Amino acid sequence: MMTDAQVPVWIFPTQYGEFPVIIAHRGASGYLPEHTLEAYQLAMDLGADFIEPDLVLTKDGHLIARHDYYLSGTTDIADHPEFSDRKRVLDGREDWFVEDFTLAEIKTLLARQGFKGRSKAYDDRFLIPTFDEILSLISDNEANSGRIIGVYPETKHPAHFKAIGLDFVKPLVAALKRFGYRCEDCPVFIQSFEPEILRQLREDTRYRLIMLVYPQKDDDPNAAPDVPSISLEEAARFAHGVGPSKSLLLDEAGQDRGFVTRAHDLGLLVHVWTIRDDAVAAPFQTAAEEYHRIFSLGVDGIFTDFTPSGVLYRTLASYGGD
Ligand code: G3P
Ligand code: CA
């Protein structure tokens, strides 16, 4: 029988040598319609360390969980004739937009699978949750399991909402405080692609902040593939970490671009998105290979649609390393 002393545990090359956290991206979204209480519950049952709600604002200022500010992609709104006259064009897209609906109206919609190729067996069964309902679910799970489960809200399009008189900061901070999250070491990360709201949160609160970054070449074809949309030096002024697209970490041959080391040298955590078992990135042949390579870089956390794979491959990595 193997004793504890004989187990070959690998020390992860994370910022502080801790195990990387498994962040349930939009809940257990590989299995159930994303951003539903059911998808978050499944992620907690499967061992996620953090639950990730993307947040948008309703007409009456409530935070709800949706990835997009338009509603047709992941709800049954097209089947609601009472809302047919609300369809309009915004930013070049004809759709229904969350800011045109009250929370009571949103609560008449049902969630649908929006990711191509995934099961639609659970479509039209689950409601769209508020941020309060998500925090309440986490709180209940913590009480029942004795396990700490973090929350990782993303503010989606804060400048857009601010321009139409809807502010994220007050309702977000008020909700977190209502549920007892008050200090810098509580299990919360607040993330955004827009630095302005993070700078404001840095001024006004002590929550840990994650600046989301993508390759600058997505906006500027002349940029090098390893250049992030915001420099790491700038992010380090106000954020505790960065959330990079995985293409910033590895090139097409799976070689390390040095991003994690550069971020760690600036004191930044690195939480990479998004690992998907059903959309493995080149050059990897299997999800196992991709998880293993990404953990070998020393990332401090991963966003995955498939919580159990993140948990499993993290455990396997801890037994062997690279
Ligand atoms: O928030 C991390 C990652 O989720 C960013 O991408 O578009 O899935 O919100 P998105
Ligand atoms: Ca997100």
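Angles under 35 degrees count as roughly parallel, over 145 as roughly antiparallel, 65 to 115 as roughly perpendicular and the rest as oblique. I wrote that down before looking at helix pairs.

**Ground rules**

I am working from a predicted model, in which local features need pLDDT of at least 70, side-chain atom pairs count only at pLDDT 80 or more, and totals for chains, interfaces and linings use all residues. Residues are numbered from 1 along each chain as its sequence is written, chains are lettered from A and ligands numbered from 1 in the order in which they are written, and side-chain values use heavy atoms, with hydrogens and water left out.

**Entry 1**

I took helices and strands as DSSP runs numbered from the N terminus (helices H or I, at least four residues; strands E, at least two). Two packed helices are described by the angle between their axes and the distance between the axes. The axes are lines fitted to C-alpha atoms, for helices over the stretch in contact, and the angles run from 0 to 180 degrees between N-to-C directions.

I found that the axes of α1 and helix α3 (residues 131–145) come within 11 Å and cross at roughly 30°. α1 and α3 are therefore roughly parallel to each other. The crossing of α1 past α3 is right-handed; a crossing is left-handed if the near helix is turned anticlockwise from the far one by less than a right angle, and right-handed if clockwise.

Contact here means heavy atoms within 4.5 Å. From α1 I listed L37, Y40, Q41, M44 and D45, and from α3 E133, I134, L137, I138 and N141. By class, the residues of this α1 and α3 contact are six nonpolar, two polar and two charged. Ala, Val, Leu, Ile, Met, Phe, Trp, Tyr, Cys and Pro count as nonpolar, Asp, Glu, Lys and Arg as charged, and the others, Gly among them, as polar.

**Entry 1: α9 against α10**

I then looked up helix α9 (residues 287–296) and helix α10 (residues 307–318), whose axes come within 10 Å and cross at roughly 60°. α9 and α10 are therefore oblique to each other. α9 passes α10 in a right-handed crossing. On the α9 side I noted A288, Y291 and F295; on the α10 side, S309, G310, Y313, R314 and A317. The residues of the contact of α9 with α10 come out as five nonpolar, two polar and one charged.

I located D54 in strand β3 (residues 54–57). D54 counts as buried because its relative accessibility is 1%; buried means under 20% relative accessible area, exposed over 50%, partly exposed in between (1.4 Å probe, protein chains only).

Which side chain does the side chain of D54 make a polar contact with? I found H35, at 2.9 Å. A polar contact is a pair of N or O atoms within 3.5 Å; within protein, one must be able to donate a hydrogen and the other to accept it, and residues adjacent in sequence count only if both atoms are side-chain atoms. Leaving aside neighbours within four places in sequence, the contacts of D54 include R26, H35, E154 and K156.

I followed up R26, found in the loop between β1 (21–25) and α1 (37–45). R26 has a positive phi of about 60° although it is not a glycine. R26 is buried, at a relative accessible area of 12%.

**Entry 2: E99**

I placed E99 in the loop between β6 (93–95) and α2 (103–106). E99 is buried, with a relative accessible area of 9%. E99 and K59 are 40 residues apart in sequence, yet 4.4 Å apart in space, C-alpha to C-alpha. The side chains of E99 and H160 are joined by a polar contact of 2.9 Å.

**Entry 3: T205**

I found T205 in the loop between α6 (195–204) and β10 (208–213). T205 counts as buried because its relative accessibility is 14%. Its side chain reaches the backbone oxygen of L201 at 2.8 Å and the backbone nitrogen of Y207 at 3.4 Å.

I noted a cis peptide bond joining W273 and T274, with omega about -15°; T274 is in strand β12 (residues 269–275). The peptide bond from A282 to P283 is also cis, with omega near 10°, and P283 sits in the loop between β12 and α9.
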